[in-house]
Amino acid sequence: MSSLQLAITAILTVAGIALQIWSSAPRRAERQYALQLPSVLLYSLATALFLFSIFPDSMAEGRALGFGLSGAAGFAAFFMLISFTWLAKTRRRDELTAQLKKAERENASLRRQLVAERSTGEPPRPLAQSTRYDVPLRGSRRHRVGVVTGNLVNVLGVDVWVNPENTRMEMSRVDEPTVSAAIRYHGGRRDDAGHLVDDIIAKELVERMAGRQHVSAGQVLVTGPGELLESHQVRKIVHVASVEGEPGSGYRQVMDLTRCARNILSEVDRLAEAGEPLRSVVLPLLGTGGGNSDLQRTVDTLLAATVGYFETHPASRIRIVYLLAYTDVQEALCRSALDMRPELSTGD
């Protein structure tokens, strides 16, 4: 076999492999049958060239109503026939995939419409029941992303709770309707009347500050779970500086939510690599409690940051990240965002 023939065979084979990989991307799931046919042709041509070079006496013999092939040519034709027969069976799967994608887009559109209607009508409704929905990252059996609904205090069995905190790392008073207050109260030790007698998590957070008055936006500090270990099976609390205070104006969401999410996941992975059994994280919609934020942008940003982290850290020890949806509007936005992400296998 000459060097030229070997080079052409290699080029055809590599081109076929590259075309097949390209056509297998999630965004082309509805057209994979049509797009993979050229790659099969390239494989067949490479096989025929290789066999004809090894067996130069192979021949193609004409027949009245077609061609009867023998030798290497017959093998190449047989390879092509089998490949096209197998691909033909995938046509129906592509059609079903296209229908499923269309249904997902319509479903996502309806959820967004619901959110728009609720924003101009009745206020969002808090969800009393804690339910979970999650989907895998495409091409990964290790990582999943999902949403958990309702009040954080009803979430059990998640290793890490994220506390959206201000840049001063000052936890909310226990009677305020915030995630920070819920973590502070349920993580502390209480007497028989339910009064907080040992402010465990807040005191540890002060120790972590080590005399500093504030931290930069996106900074994370980790404390133990206090009483949440026994009551909710929480192993760590990750406090993230996701809101900034301004005298006379209250708190507002920090600009770089992506940095917040990445710092959270990086810190959890660092602890997991050090031996902590941390596999699941619940992530509230950072900085949306006061209303001074774009809820849609927040959901999209946090989801994109989580997916991006898993894609760039395929060996991450974190198995699943849940976005926390406290109201029906938040749930609709989270479910819609999950359905719209091409990196997630919502249809599998």
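This is a predicted model: local features need pLDDT of at least 70, side-chain atom pairs count only at pLDDT 80 or more; totals for chains, interfaces and linings use all residues.
Partly exposed residues are those between the buried limit, under 20% relative accessible area, and the exposed limit, over 50%. Gln 233 is partly exposed, because its relative accessible area is 39%.

Strand β12 presents another picture. This strand covers residues 320-325. Six of its six residues are buried, so the rest of the structure largely encloses β12. In a regular strand, side chains alternate between the two faces of the sheet. In β12, Ile 320, Tyr 322 and Leu 324 point one way. Val 321, Leu 323 and Ala 325 point the other way. Both sets are buried.

Two strands pair with β12. Strand β4 (residues 144-149) runs parallel to β12, and six bridges connect them. Within this pairing, Leu 324 of β12 stands opposite Val 148. Strand β11 (residues 280-284) is also parallel to β12, with five bridges. Here Leu 323 of β12 is the bridge partner of Leu 283.

Arg 317 lies in the loop between α9 (295-312) and β12. Its relative accessible area is 34%, so Arg 317 is partly exposed. This arginine belongs to a surface patch of positive charge.

Salt bridges were examined next. The structure holds 11 of them. One joins Asp 199 to Arg 184, with the closest N and O atoms 2.6 Å apart. This pair links distant parts of the chain, 15 residues apart. Asp 199 is in the loop between β7 (196-198) and α6 (200-209), whereas Arg 184 is in helix α5 (residues 179-187). Asp 199 has a relative accessible area of 17% and is therefore buried. Arg 184 is buried too, because its relative accessible area is 19%.

A second salt bridge brings together the side chains of Asp 198 and Lys 203, at 2.8 Å from N to O. Lys 203 counts as partly exposed, because its relative accessibility is 46%.

Finally, Ile 21 was considered. This residue lies in helix α1 (residues 3-23). With 59% relative accessibility, Ile 21 is above the 50% limit and therefore counts as exposed. Ile 21 and Ser 39 are 18 residues apart in sequence. In space, their C-alpha atoms are 9.6 Å apart.

Notes. Residues are numbered from 1 along each chain as its sequence is written. Side-chain values use heavy atoms; hydrogens and water are left out. Buried means under 20% relative accessible area, exposed over 50%, partly exposed in between (1.4 Å probe, protein chains only). Helices (H or I, at least four residues) and strands (E, at least two) are DSSP runs, numbered from the N terminus. Two strands pair if DSSP finds at least two bridges between them. Patches are made of residues with over 30% relative accessible area and no salt bridge: like charges are joined within 9 Å, nonpolar side chains (Val, Leu, Ile, Met, Phe, Trp, Tyr) within 5 Å. Accessible areas come from the Shrake-Rupley method with a 1.4 Å probe; for residues, only the protein chains shown count as cover. A salt bridge is a side-chain nitrogen of Lys or Arg within 4 Å of a carboxyl oxygen of Asp or Glu. Lys and Arg count as positive and Asp and Glu as negative; His and the chain ends are not counted. The place of a charge is taken as NZ of Lys, CZ of Arg, CG of Asp or CD of Glu.
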